[in-house]
Amino acid sequence: MNKADNVEKLRECIHCDDHAGASALLDAHPELLHQRLSRNWGAPMAYAANLGRMDLIRDFAQRGAKDFQHAFDRSCLQGQLEAARWMMEKGATLKNGITMGCCETLN
């Protein structure tokens, strides 16, 4: 598989909450951990935060993901409060204007 195929496969694993598949893919291609999977949703941890995939979020953080702030922003936008709280425990902060995104999505 090429890089684009691996990115698509990782997106699919996150959407399906396939922890084993995501882990296997990241074991084989650790560079994917910091690869943007989507223009808006970002790298794997932020992508998983959009969907509230807590097991995946924790695994990505344990593997070295550092995008806690972006993941926090995305989880707030999508109303994923458990993920947002977890990100705050890891150092994410409330930024000016963050509530506007939540208002726009009615979350």
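Angles under 35 degrees count as roughly parallel, over 145 as roughly antiparallel, 65 to 115 as roughly perpendicular, and the rest as oblique. Angles run from 0 to 180 degrees between N-to-C directions, and axes are lines fitted to C-alpha atoms, for helices over the stretch in contact. Helices (H or I, at least four residues) are DSSP runs, numbered from the N terminus.

This is a predicted model: local features need pLDDT of at least 70, side-chain atom pairs count only at pLDDT 80 or more, and totals for chains, interfaces and linings use all residues. Residues are numbered from 1 along each chain as its sequence is written, and side-chain values use heavy atoms, with hydrogens and water left out.

**Stop 1: H1 and H2**

Select H1 and H2 together. Their axes come within 8 Å and cross at roughly 150°. The two helices are therefore roughly antiparallel to each other. Their crossing is left-handed (the near helix is turned anticlockwise from the far one by less than a right angle).

Now show side chains. H1 brings Asn6, Lys9, Leu10 and Cys13 to the contact, and H2 brings Gly21, Ala22, Leu25 and Leu26. Contact means heavy atoms within 4.5 Å. These residues divide into five nonpolar, two polar and one charged. Ala, Val, Leu, Ile, Met, Phe, Trp, Tyr, Cys and Pro count as nonpolar, Asp, Glu, Lys and Arg as charged, and the others, Gly among them, as polar.

**Stop 2: the two sides of H2**

Stay on H2, residues 19–28. Which of its residues are buried? Select Ala22, Ser23, Leu25 and Leu26. Buried means under 20% relative accessible area, and exposed over 50% (1.4 Å probe, protein chains only). Look down the axis of H2: its buried residues fall within an arc of 165°, so they line one face of the helix. That arc is taken from the directions from the helix axis to the C-beta atoms. The buried residues pack against H1 (3–15) and H4 (54–62).

Turn to the other side of H2. Ala20, Asp27 and Ala28 are exposed there. Pick Ala20: it counts as exposed because its relative accessibility is 59%.

**Stop 3: H3**

Select residues 44–51, helix H3. Seven of its eight residues are buried, so H3 is largely enclosed by the rest of the structure. Among them are Pro44, Met45 and Tyr47. The buried residues of H3 pack against H1, H4, H5 (68–77) and H6 (81–89).

Finish just after H3, at Gly52, which takes a positive phi of about 70°.
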